Amino acid sequence: MIKIPLPIASPLSHTFSYSVSPLYELAASLHTLAQLNPPERLADWCTEKISHIQIARLMKDWEYLLPLFRYGIPDSFDPFQTKGVMAVNDQYEYFVTLPTDQFVRSLSPALEQWNQHHIRPQVADDLLDDSDYVKGRFSLFVSSYWQLSFEANWETIAPLFVKEAERIHLALENAATAIELLQSIFPALRYEEAEHCLYCPIDCPPAEVQQLILYPSYYYFAEPLLTKKGKNAHLLYSFSPPTASTKNAL
């Protein structure tokens with residue numbers, strides 16, 4: 001359980017903030033593409049995107065790396081960690097400078113899940129034999145996917161994030177609207193009026209955090225995920241699907 005005191009004198013924006021990572025959205029889109037049954041709202045997009053990957057001659061690399069995305073999103077894409085990673089050069093540099101042992105650890109949970117349901121993939125053996133090779137092939141695929149396929153998607157959905165940021169900003173004008181917004185995103189969050197505090201259920205020792213950072217995602221489709229890192233809490237969530245016209249544009 002974590003506790004978030006609401007400020008009385010200072011603005012709520014000191015306690016609640018918003019962030020987005022294009023690189024995380026790229027990874028979440030790959031997680032969606034790796035599903036046997038993707039969410040209905042993204043099913044047509046997945047069909048089209050797989051076609052793009054084939055045309056771009058990335059299918060062989062995608063099939064090789066798919067086991068890393070079917071059952072999760074590697075921690076190396078964490079939106080808190082990658083929020084400043086924007087253009088393709090930033091992305092390539094990020095993975096080149098990422099320590100190889102950290103890269104390998106970030107892949108372990110998804111690979112373990114894969115191995116419980118499928119035959120051990122080649123990428124798992126290669127991580128043991130030559131992890132730098134896998135890291136290099138991984139980073140090149142991510143950069144190519146961004147340039148040849150995903151960048152256009154990001155330009156299309158970026159305005160949706162701007163609207164979500166505006167919604168958050170307006171809600172932070174007072175405590176009542178802020179609490180209403182947060183509970184609509186994460187219903188398990190509890191407000192104690194007497195203490196003027198929010199309580200969030202999370203599997204960690206009881207702790208008080210200084211800030212709650214919201215990470216809305218278009219391609220993330222699981223339940224809201226609350227984590228604690230250092231003195232802050234981080235809430236990843238899928239925001240409302242776009243209108244039909246915007247869906248068609250994607």
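Predicted model: local features only at pLDDT ≥ 70, side-chain atom pairs only at ≥ 80, totals over all residues.
Is Phe69 buried or exposed? Phe69 has a relative accessible area of 0%, so it is buried.

**Stop 1**

Phe77 is buried, as Phe69 is.

Trp62 is buried because its relative accessibility is 2%, under the 20% cut-off. A search of the whole structure gives 19 aromatic pairs. Trp62 with Phe69 is a tilted aromatic pair, with 6.1 Å from centre to centre and 40° between the planes.

**Stop 2**

Widen the view to the largest nonpolar core, which has 76 residues. Trp62, Phe77 and Phe138 have the most contacts inside this core. Colour α8 next: it gives the most to the core, with 13 residues. Helix α8 covers residues 131–171.

**Stop 2: helix α6**

Select residues 100–117, which form helix α6. How far apart are the end C-alpha atoms of α6? They are 26 Å apart. At 1.5 Å a residue, the 18 residues should span 26 Å, so the two values agree.

Centre on Ser108. Here α6 bends by about 40°. A proline, Pro109, follows within four residues.

Show the side chains of Phe103, Ser106, Leu107, Ala110, Leu111 and Trp114. These residues of α6 are buried. An α-helix has 3.6 residues a turn, so residues three or four places apart point the same way. Keep that in mind while looking along the helix. Then display α7 (122–129) and α8 (131–171): the buried residues of α6 pack against both.

**Stop 3: two arginines over rings**

Pick Arg137 and Tyr64. The charged end of Arg137 sits over the Tyr64 ring, 3.9 Å from its centre.

Move to Arg41 and Tyr218. Arg41 lies over the face of Tyr218, 4.7 Å from the ring centre.

**Stop 4: His234 in strand β8**

Where is His234? Select strand β8, residues 232–238, and His234 is in it. His234 has 4% relative accessibility, so it counts as buried.

Show its surroundings, not counting residues up to four places away in sequence. His234 touches Phe80, Leu212, Ile213, Tyr215, Leu225, Leu226, Thr227 and Lys229.

**Stop 5: two positive phi angles**

Go to the loop between α2 (43–55) and α3 (59–65), where Arg57 lies. Arg57 is not a glycine, yet has a positive phi of about 60°. Is Arg57 buried or exposed? Its relative accessibility is 76%, so Arg57 counts as exposed.

Finish in the loop between β3 (190–192) and β4 (197–200), where His196 lies. What is the phi of His196? It is positive, about 55°, although His196 is not a glycine. At 22% relative accessibility, His196 counts as partly exposed, because that class runs between the 20% and 50% cut-offs.

Technical notes:
Residues numbered from 1 in each chain as written. Heavy atoms only, no water. Expected span 1.5 Å × (residues − 1). Bend = angle between axes of the 7 residues up to and from the residue. Buried < 20%, exposed > 50% of the residue type's maximum accessible area, 1.4 Å probe, protein only. Contact = heavy atoms within 4.5 Å. Phe/Tyr/Trp six-rings, centres within 6.5 Å; stacked < 30°, edge-to-face > 60°. Lys NZ or Arg CZ within 6 Å of the ring centre and 35° of its normal. Core = buried A, V, L, I, M, F, W, Y, C linked by side-chain atoms within 4.5 Å.
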